Every structure is written in structure tokens, then in C-alpha cells.
Amino acid sequence: MNDCLIRNATAVLTGLSGERARLPKGQGDIRVRKGKIHAIGALAPEPGEVVYDASHRVLAPGWVNTHHHLFQSLLKGVPAGLNVRLADWLANVPVRHRRAFDHEAMFRLAVRVGLSELLLSGCTTVADHQYHHYPDMPFDPTAVVFDEAEKLGVRMVVCRGVATQVRQIDATPSPQISPEPLDLFFRCVADDAARFNDTAPDAMRRVVVAPTTPNWSVRPDELREIARFARSLKLRMHSHLSETADYGRHTAEVFGCTPLAFVERHEWVGPDVWFAHLVWMEEAEQRLLAQSGTGMAHCPQCNARLGSGTAPVVELLRLGGKVSLGVDGAASNEAADMLSEVHMAYLMHRLRHGPEALGTDDVVRMATAGGAEVLGLPGIGTLEIGQAADLASYRLDSAAAIGLHDPGSAPVLCGRALETDTVWVAGKPVVVDGEIPGFDRTQMAAHAREAVQQIVHTVAS
């Protein structure tokens, strides 16, 4: 049912800034028609209208996750990757274990595990940086990701990854991490765009061009060629950048400049580009990012988990930059949900800058409207008339929220301990009473346990 009236919420967050960040008390009823927000205010039910009573709930826009690696959802807590930094983690976890994802069933299960965890946290839009591709692959991973997202009702942005060369630490790669020729990548992306890409402002499916890392996954001349190819198809661009200090050192030694200067030189800045992490940026790079309209997918839990550092989010916001939140892969962030991410973002920057650095409404905006802006989806991310009816309600009788003086702060202050009640995408309830309708979580967990054992066996053999 895409038409309904959501009434009586204790607090309603909008994803907007300043005084508009919350709807006035008593004016937060939301009428949904044909998947969009039709009216907001003190609304009475119409004859025959489906009514959802949101009493003792806080209502918010669905979270927009701008950077993820869904196939890593079966690689949580790999012992060899727990107490090491990024370079060793890459070698010990995703590189070493990709050989186990050489068949569709394993890959599909991982995608389903990741999407269900995100959805149960109130996340309604996911950008998956899907770099698990290699020549002569026996299945179509892009189609699998879109298919699983459709089954769960999630908006999906597939950031189609590529590496045309391997790093030194991957000098003897398994077939599953073999590089792809650039012409093959272009053919695949063009086909994906023709099949799946929707240009609507509230699209359910988008395709993005996304080399794994600009400064060593592809050659510099290829990087510029990829940018021109993407823009010729009117596709956005995404990648990792400056996650650790090593990125800056490598770029300075090899190319004689900073990472942001390097990507600018190769046409990889602008309002159609966003990068994950951007932890290590000089002040000039921060200004370039903001002035060019290039976006950031801030991944605070992954950055903390790997000891990579704290991204200059507050500084970038003060410059007028575009900041969103991303969960990143579950292999480097075992809490693969957006409630944990907003909670961490709130704490991390107050620790660095003081208690005035970010308020709860600021973090909500980053994780909703900020994400929509970065992804180029202006029809989602805020609770306003005409916007897509992507919403999540959370229970204020959750143990973590009991005694809370400001109910609207619950999603950020309580984090993962807050219980999700209902989630809507385009007005359709995709989570009801904290569960995904028709979804057997117990069975999925059993399949995942078997899969983890199979992965361990495959890697050990």
C-alpha cells in the first residue's frame, strides 16, 4: 500500500537545516499518495485511508548510505584483519578472500545479508561500491545487486568498480582479482547503464562509474579517459581517496602533488563526483573539494576501526562542502548499519572539536539530505511535500530511549540500541514491527554460518 496517513509521531525529523530540521509539535502528520509525500500538518484521516499510528515514535527520512561494499557482508571479524591497518587489512581480508566469491550463490547471500542489516536500521538508499569484477566472470554481479535490492524494496546505486592493474602486494593475484582491460570495463558499464540506469530524481536504480582507487588501480591516462567516458553517458563518478596518510605520501612520491590535486589534474572533481573517506586532506585540498562541489562519503566507524584517522568533516562543512555518511564494507566495520554510523559521527567530531562541533540534527542532515545531494537524487532525503515517501520510525520505548528528554535526538544519541519499528520506501512498508515482511532472518543466518565455514575452507585450501 503506497497511500497512507502517518499520525501522532512524538517527533519528526526532516533532514533539513536550522529551524526546519524538525516539524512543529502537533504538525507532523504525513499523508502519502502514490509513493510521495502529499501533505504535512495536523491531518485528519480520510474515508478508507490506511492510518499508521506513530505514537511514541520518532520519525525521520530514510538514511542514505553513500559508500558500501555489500559482498564483504560475510567477512565480518576476520581474525587476520582485526588488529592491522589498511594496507595489511586489504591483503588479509578482501584480497585474500575474494576467491571464495567466484559463484553467484555466495555473492548473492552476502548482498542479502548486507542489505537486510541496513534496511533494519532504517536505511532506504544504498550506494554499493561493487568492485568484485574480473574477466570471464561466471555471473553478473550488477544484476544480482539490483535484483536483491528490488526484492527488499531498497533504492540502489551500483558504483561499478574496476582495476586495470594490480598493486605490488597483489603481484600474484588469484583469478578473482585479475585486472580488467579498460575496453571491457567500458562495454560492461555501457551495458549496465542501458539496462538499469534511471535518471529520475527519486530513481530506484542508478549506475555510477567507480574505479577502486584513482592513484593506483588505474593508470593516470586511463583515469582521465574514464572521467570523459562517464560524463559522455551522464553517469556520476565515485572512488576511494586519502583514506590513510600513505595515500598522500604515495601520491607525492609518484606524482609530485597531493591526492586532490592529482584527481583534479585528471578531471575527477566536480558536482558529479564524490570520494569515500578523505581522512587526510591539507587545507588547500579541503577548499578545492568545497569549491568544486565534489562530495565526501564520510565513514567514521571504518576509519576508527582501522585506525586511519578522523576526516575533516567539520572543517569541510564550514567551507560549504558536501558531506554524506557511508557505512563502508562490513569487513572493516562489523556494525554495518546507519544507526551505528550516525552515532559514531556525532561522537567522533565532538571528541575532536568540542561539544559545539555537531548537533544531532546536523548529523541527521548529513545522513539523509546530504547523501541525496552527493548521489544526485534530489527527490529523496527530506520530509517535504513532493518528496519520495522514504521514512523510518523508531520506538521510543526502546530501552536506550527510556528517560530521554529530547525524543528527536534518539536516532543519533541511541544509535543501534534504538529499535526500528516501520520503514517505508516510496510509501511502501518494507519493515513492519521491526521485521522485513516475508523475510526469514533465521534461515538467512543459518545459510550465512554455512557460508562462512565454506569461505574459511576455501581460503585455507
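1. Start with the second largest pocket. H2 and helix H14 (441–460) each supply at least two residues of its lining. The model is a predicted one. The volume of this second largest pocket is about 400 Å³. Its lining has 17 residues, and those closest to the pocket centre are Ser 116, Glu 117, Leu 120, Arg 416 and Arg 441. By class, the lining of the second largest pocket splits into seven nonpolar, four polar and six charged residues.

2. H2 also packs on a neighbour. Helix H2 (residues 104–120) meets helix H3 (residues 141–152) at about 40°, and the axes lie 10 Å apart. The two helices are therefore oblique to each other. The crossing of H2 past H3 is right-handed.

3. Who makes that contact? H2 contributes Glu 104, Phe 107, Arg 108, Val 111, Arg 112, Leu 115, Ser 116 and Leu 119. H3 answers with Pro 141, Val 144, Val 145, Asp 147, Glu 148, Ala 149, Lys 151 and Leu 152. The H2 contact with H3 counts nine nonpolar, one polar and six charged residues.

4. Helix H4 (residues 182–196) and helix H5 (residues 220–232) cross at roughly 20°, with axes coming within 12 Å. H4 and H5 are therefore roughly parallel to each other. H4 passes H5 in a right-handed sense.

5. On the H4 side, the contact uses Leu 182, Phe 185, Phe 186, Val 189 and Ala 190. On the H5 side it uses Glu 222, Glu 225, Ile 226 and Phe 229. The contact of H4 with H5 has seven nonpolar residues, two charged and no polar.

Definitions and conventions
Residues numbered from 1 in each chain as written. Predicted model: local features only at pLDDT ≥ 70, side-chain atom pairs only at ≥ 80, totals over all residues. Heavy atoms only, no water. Axes fitted to C-alpha atoms, helices over the stretch in contact; angles between N-to-C directions. Helix = DSSP H or I, 4+ residues; strand = E, 2+ residues; numbered from the N terminus. Parallel < 35°, antiparallel > 145°, perpendicular 65-115°, else oblique. Left-handed = near helix turned anticlockwise from the far one by under 90°. Contact = heavy atoms within 4.5 Å. Nonpolar A, V, L, I, M, F, W, Y, C, P; charged D, E, K, R; others polar. 1 Å grid on protein atoms, 1.4 Å probe; cavity = no way out; pocket = protein on both sides within 12 Å on 5 of 7 lines; lining within 4 Å. Points joined across faces, edges and corners; volume = space filled by probe spheres on them.
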